[in-house]
Amino acid sequence: MTPLQSLSNVQARRVALAAQGFTARPHATASMATLQRTLGHTGVLQVDSVNVLQRAHYMPLYSRMGPYDRDLLRRASQQRPRRLVEYWAHVQTFMPVDLWPVMQHRMDVYRADRGKWGFTADPDLEPRVLAAVRDRGPVSARALDEEFSGPRTKDHWGWNWSDARKVLDYLFLVGDVAIAGRTSQFEVLYDVPERVLPTHVLALPTPTKADADLELVRRAARSHGVGTVRCLADYYRMPVADTKAAVESLVGAGELQPVQVQGWGKPAYLHAAAKLPRRVEACTLLSPFDPVVWERDRAEQLFGFHYRIEIYVPVHKRVHGYYVLPFLLGDAIVARVDLKADRAGGRLLVKGAYAEETAPAETADALAGELVRLAGWLGLTIIVVEPRGDLAPGLAAASAVAGWRG
């Protein structure tokens, strides 16, 4: 890209979407190579247990590659040669295995702090639990509960972990154990790193803290295309001061270029390899945990899209619904839909549909086509549009596709 001093908001948006892989040529059948190219754009995939539609880590791949065989992700994260491993990189995420040594400094912080968020493990149990994992792994926390856990309490809803689970989470955070996979019920299976990570990854030297910061900010900038220090810090959940120091080094090395973005109140930085496409022709739904909308202020600056996840909001206080997905059309987020997969009934339920103020006239028709594509990928045969939201009538009217119900 020719060096630029400033970007319009539309240009910044297109740079960001290109960096995230939304201008890649579509493939009829996604392969492991397709998945790896897509991961080169997203960097990581956030993991979340909510399964009302589809688990979070599958959706960003769908949004960029279209319908694909979900077994690709299982193979990449559980079979040799293992390409992905879970760690606390953004939050819980799948990350490339070569980030394991880069995360060593984060592991050291968790070791010094005895965990995160005030949830600490019994240090007396650690060597015993670690020995059990070494002997029995891959193993779940539930399989170790009888031996290592006392009676469970109900003091902390949502965090009512057994003693074994707390120790395993701590050992995971500090890198003494790794996640070898998950069961069909999404239960974590732990093992020692030498049986999870490739040998060549474990043999890599640990970079200095400064070099690790540089690498994480470099990857964040590549995935964002353009962003402020706060944007770049959020991608791998880094301290702003560390991010700022790394940005200054990358600017000095020519990997980042300071730019002004129209409407942004803070300096922005453009990655040297970023592309500015003339147009973006996306037509897809985004997970609530997609990197495009991770950082809420960034989403609002780029798209004029005010977005909040309402999963933990009481029903009567929700504005748009429980599991609301933004709809990306072209280079704009033009609508949002509250979706649920009724797997037993084979139905994709549209609990609510809402247009943004700038939504074009073709929004309902385009969204209808995307819902058909999504339903097919999920193995659902009927789409039910409930009468909630200003876009619902138009979406129901676009239901000429066989099998739809308004």
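Two strands are taken to pair if DSSP finds at least two bridges between them, and helices (H or I, at least four residues) and strands (E, at least two) are DSSP runs numbered from the N terminus. The structure is a predicted model, in which local features need pLDDT of at least 70, side-chain atom pairs count only at pLDDT 80 or more, and totals for chains, interfaces and linings use all residues. Residues are numbered from 1 along each chain as its sequence is written, and side-chain values use heavy atoms, with hydrogens and water left out.

Strand β8 (residues 256-261) and strand β9 (residues 268-271) run antiparallel and are joined by four bridges; valine 259 stands opposite alanine 268 in β9. Both strands belong to an open sheet of four strands, ordered β1-β8-β9-β7, with mixed pairing. The edges are taken by β1 (6-7) and β7 (226-227), each with a single partner strand, so one side of each is left without a neighbour in the sheet. Helix α12 (residues 240-252) lies across β8 and β9 and runs at about 105° to β8 (axes are lines fitted to C-alpha atoms, for helices over the stretch in contact, and angles run from 0 to 180 degrees between N-to-C directions).

A further open sheet holds three strands in the order β2-β4-β3, with antiparallel pairing. Here β2 (45-46) and β3 stand at the edges with a single partner strand each, so one side of each lacks a neighbour in the sheet. Five bridges link β3 to strand β4 (residues 92-96), and leucine 84 has proline 96 in β4 as its bridge partner. Helix α8 lies across β3 and β4, at about 105° to β3.

Helix α5 (residues 104-113) connects to this region. His105, Arg106, Met107 and Tyr110 of α5 are buried (under 20% relative accessible area, with a 1.4 Å probe and protein chains only). The buried residues of α5 pack against β3 (84-88), α8 (163-173) and α10 (209-224), where contact means heavy atoms within 4.5 Å. Just after α5, arginine 114 takes a positive phi of about 60°.

As for the chain as a whole, there are 15 helices and 15 strands, and 56% of the 406 residues count as buried. Among contacts with a separation of 6 or more, 64% come from residues 24 or more positions apart. Along its principal axes, the C-alpha trace spans about 65 × 55 × 40 Å.

Methods
Buried < 20%, exposed > 50% of the residue type's maximum accessible area, 1.4 Å probe, protein only.
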